[in-house]
Amino acid sequence: MCEIKASAALLDGDRTLQRSIALRNPYVDPMNLMQIDLLRRWRAAGRDDGALYEALLASVTGIGSGLQTGG
């Protein structure tokens, strides 16, 4: 919780970045939830399911693209 407050304080002076994050989050948040589900399923499968692994990697790439970073 402290980390979130500290991050919010860092953005106080940057309205453009605040707007960018507010517009981006509704699209990136569902991918985050999907990634959590994929990771749980991949771990439950003993990390042997290649299809789940590929989907997990695709989710990392998708979130990285949504954040406009390398992941």
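This is a predicted model: local features need pLDDT of at least 70, side-chain atom pairs count only at pLDDT 80 or more; totals for chains, interfaces and linings use all residues.
View 1. Helix 2 has 30 residues and, at 1.5 Å a residue, should span 44 Å; its end C-alpha atoms lie 42 Å apart, which agrees. The expected span is 1.5 Å times one less than the number of residues, and helices are DSSP runs (H or I, at least four residues) numbered from the N terminus. Local features need pLDDT of at least 70 and side-chain atom pairs 80 or more, while totals for chains, interfaces and linings use all residues, and side-chain values use heavy atoms, without hydrogens and water.

**View 2. The bend of helix 2 at Asn 25****.** Here helix 2 bends by about 50°, and Pro 26 follows within four residues. The bend is the angle between axes fitted to the seven residues ending at a residue and the seven starting there.

**View 3. The buried residues of helix 2****.** Look for Val 28, Leu 38 and Trp 42 (buried means under 20% relative accessible area, exposed over 50%, partly exposed in between, with a 1.4 Å probe and protein chains only). These buried residues pack against helix 3 (contact means heavy atoms within 4.5 Å).

**View 4. The one aromatic pair found in the whole structure****.** The ring centres of Trp 42 and Tyr 53 are 5.5 Å apart and their planes meet at 35°, so the pair counts as tilted. Rings of Phe, Tyr and Trp (its six-membered ring) pair if their centres lie within 6.5 Å; planes under 30 degrees apart are stacked, over 60 edge-to-face, and the rest tilted. The pair links helix 2 (residues 15–44) to helix 3 (residues 50–67). Trp 42 is buried at 14% relative accessible area, whereas Tyr 53 is partly exposed at 37%.

Key: Residues are numbered from 1 along each chain as its sequence is written. Helices (H or I, at least four residues) and strands (E, at least two) are DSSP runs, numbered from the N terminus.
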